[in-house]
Amino acid sequence: MWERIGAMVFKEVRQMARDPGMFVMMFMFPILQLAIFGFAINNDPRHLPIAIESSDNSAYSRAIVSALRATSYFDIEQVTGNYGEAEKMLSEGEVQFILTVPADFSRDLVRGDRPQLLLTVDATDPASTGPAVAAVTEAVNQALARDLIGTLAARQVQMPPVDLVLHRSFNPEGITSHNTVPGLLAIILSMTMVALTAMSVTRETEQGTMENLLATPLRPVEVMIGKIVPYFAMGLVQVLVVLLAAAIVFRVPFVGSFGLLLAVTLLFTLVSLALGFTLSTLVDSQVMSMQLSMLYLMPSILLSGFAFPFRGMPVWAQWLSELLPPTHYIRLVRGIMLKGWDSRLALPEAGILLIMLIAFGTIAVRRYRDTVA
Amino acid sequence: MRQEPAIAVRGLTKRFGARTVVDHIDLTVEPGRICGFLGPNGSGKTTTLRMICGLLIPDEGEGEVLGLDLKAKRRAIKQQIGYMTQKFGLFSDLSIAENLEFIARVYGLDNRKTRVALALERLGLASRAEQLAGKLSGGWKQRLALAAAVLHEPKILLLDEPTAGVDPQARREFWDQIHALAREGMTVLVSTHYMDEAERCHEIAYIAYGVMLARGTTDEVIAASGLHALEGEGHGADRLATEIEGQPGVAMAAAFGTSLHVCGTDPEALRRAVEPWADRVRWSQVSPTLEDVFINLMRTATDNSVLEQA
């Protein structure tokens, strides 16, 4: 038995080594994904263009403008007294915000009439403007606090009855890459493990080599193990690439246990391999197995909580995503890396992955027979 | 002392959905014999071969391969059977030597290196051992596939249209090898479409639409067909095929070069049918060929199946 499995592994590794696409998948693919999700994608965009429309050229309005700039959320593109010019810039997309300071702003402020400031937002892309809008109130209040002194001190904001203290746990600066880079482990492993296993099995069927393999004393489970082992090793290489990049390039904190992370990663890799094998038993061409893998990957990226907030989805979508292995693995990785989960905290999610492994493994073994057709 | 047959199957049946691909086939092949397996495309040849080597489980029927039960001992049978698939089944991105080494390991053979080296030597591929199998031409691929199929010295060799698309010389050499293997005691079951190959077999089995229609040696099959043949030679004889084929008593007529080959089951009716052209075509009685027999069998089988459906 071991000899036959060894023969399969040996053969598979040789074929992988001769396939130039394999090197791309193993190294370039994780690096490309890291570059895109780690460097390019940012959920907390800063330096958004804003136009100030002001007919009130006072110390107060100037203080507000400089306070906005100091938040680093805004780049002041234009300060104009001309009504309509800023609207034009907004509709043309040159700026994303207009802050309108009314003509009698400073007079009303001094008189205590609570003048209004108007912030117009291009809300076509709500996600990108959210954090910036949240920063405006704070910036305005701080700017005026410095100038409303002496007799005007009465105009200052009253102390609120409660002092709300915000503490951002586990990711104090809210850095996006601390969230996405651990999640990438799940995405990269899903893409390569599921798609490559499915394709490697269907390639044998498509090229007619499977019939030959099955006519030999090789048992189906031996063919399976022989195919899984090399891809499993490849998955571990990818995990190391991502973890090294996380530590060295993105400086993602790692507060939990490395051993525990490795254990759940092995578990998830096996789930993905079993799933890839199951997919391969449903189709008989490489193209179809690729399409089927995509059908699995799309929801994995979009619904697993990797790209978009899990809790922002309607309940049915949340249930759907609970069925996807990456959802649970992403929680585990973020939990262990960022929150320092121990094995007791990791148990529920890891248990679900284990159940999935047993389920997919059983289906794969049962569906994959030693007969053709 | 009578040996037990290498292959003995009875009532072998396989259905794919509602379609019966192989319908109660009986087949017995004695050890060391080369049995040609003939029949039109889609007649169930490949399916029967796959059932014998354990790649498919028959829906009905029973049998023994090398004395082992066909259904219960599939793994033990696989160890002693060599199967060469219709499509090249080795790995095109592995070299010739690597492919053979892989097969040797899978069968758990001892002295792997020696066996592979020997096989390469015998193939005449020793100098190209490192070449990728996918880069070989059709004839060489087929030789390599045969070498891989017999590497573990099986007692039975199943060949599924092994010479399709191979040039005549390579085919001749291939058949010389098959006969050499049979002399050493290997039992060979080979499916083919070529009549000259059928004639090189010890015996033949003809199946059409899943049903065995003829069985025996070439002479036996021809005799059992009850066909009689005439050959016409003379000016324009080869142009008469369509005209003569419409005559009563003529099963078929086909031109071969400048002569015309005519067959039918009733010798008298056949003679009467060609009578009108006796003035310019000289008719002589010849032995029907295997091809005549098979085409006739196939037509009858087609007619039957059409009737059944109606």
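Visitor: Why does A:Glu211 count as buried?

Guide: A residue is buried under 20% relative accessible area, exposed over 50% and partly exposed in between (1.4 Å probe, protein chains only). A:Glu211 has a relative accessibility of 12%, so the term buried applies. This is a predicted model, in which local features need pLDDT of at least 70 and side-chain atom pairs count only at pLDDT 80 or more, while totals for chains, interfaces and linings use all residues. Residues are numbered from 1 along each chain as its sequence is written, chains are lettered from A and ligands numbered from 1 in the order in which they are written, and side-chain values use heavy atoms, with hydrogens and water left out.

Visitor: What makes the pair of A:Lys227 and A:Glu12 a salt bridge?

Guide: The term requires a side-chain nitrogen of Lys or Arg within 4 Å of a carboxyl oxygen of Asp or Glu. The closest N and O atoms of A:Lys227 and A:Glu12 are 2.9 Å apart, and the pair therefore meets the cut-off. Helices (H or I, at least four residues) and strands (E, at least two) are DSSP runs numbered from the N terminus. A:Lys227 and A:Glu12 are both buried.

Visitor: Which pair crosses between chains?

Guide: The pair runs from B:Arg50, in helix α1 (residues 45–52) of chain B, to A:Glu211, in helix α8 of chain A. Their closest N and O atoms are 2.9 Å apart, so this pair too is a salt bridge.

Visitor: How do you know that B:Arg215 and B:Glu203 form a salt bridge?

Guide: Their closest N and O atoms lie 2.7 Å apart, which is within the limit and therefore qualifies. B:Arg215 sits in strand β10 (residues 211–216) of chain B and B:Glu203 in strand β9 (residues 203–208) of chain B, 12 residues apart. B:Arg215 is called partly exposed because its relative accessible area is 30%; B:Glu203 is called buried because its value is 8%. Elsewhere, salt bridges with shared partners join A:Lys11, A:Glu12, A:Glu204 and A:Lys227 into one network. Over all chains, the structure holds 30 salt bridges.

Visitor: How many residues does each chain bring to the contact?

Guide: Chain A brings 28 residues and chain B brings 30, where contact means heavy atoms within 4.5 Å. Between chain A and chain B there are 4 salt bridges. On the side of chain A that touches chain B, the elements giving two or more residues are α1 (2–18), α7 (176–207) and α8 (209–215) of chain A. Of these, α1(A) gives the most, with 10 residues.

Visitor: Why does B:Glu161 count as buried?

Guide: Its relative accessibility is 13%, so B:Glu161 is classed as buried. B:Glu161 stands in the loop between β7 (156–160) and α6 (168–183) of chain B. Apart from neighbours within four places in sequence, its contacts are B:Lys45, B:Gln86, B:Ser191, B:Thr192 and B:His193. Although B:Glu161 is not a glycine, its phi is positive, at about 40 degrees.

Visitor: Is A:Arg114 buried or exposed, and what value shows it?

Guide: A:Arg114 is exposed, because its relative accessible area is 75%. A:Arg114 lies in the loop between α5 (105–111) and β4 (118–121) of chain A. Its phi, near 50 degrees, is a positive value in a residue other than glycine.

Visitor: What makes B:Lys71 partly exposed?

Guide: Its relative accessible area is 39%, so B:Lys71 is placed in the class in between. B:Lys71 is in the loop between β5 (68–69) and α2 (74–80) of chain B. Beyond residues up to four places away in sequence, B:Lys71 touches B:Pro58 and B:Gly61.

Visitor: Why is B:Lys14 called buried?

Guide: B:Lys14 has a relative accessible area of 10%, so it is buried. B:Lys14 belongs to strand β1 (residues 7–16) of chain B. Leaving aside neighbours within four places in sequence, its contacts include B:Arg19, B:Met51, B:Leu56 and B:Asp59.

Visitor: Which elements of chain B have the lowest and the highest mean pLDDT?

Guide: The term pLDDT is the predictor's confidence in each residue, from 0 to 100. Helix α11 (residues 290–309) of chain B has the lowest mean, 70, and strand β8 (residues 187–191) of chain B the highest, 95. Chain B averages 88, and 96% of its residues score at least 70. Over residues 306–310 of chain B the score stays under 50, and the model has 0 contacts there beyond four places in sequence. The model scores ipTM 0.82 and pTM 0.80.
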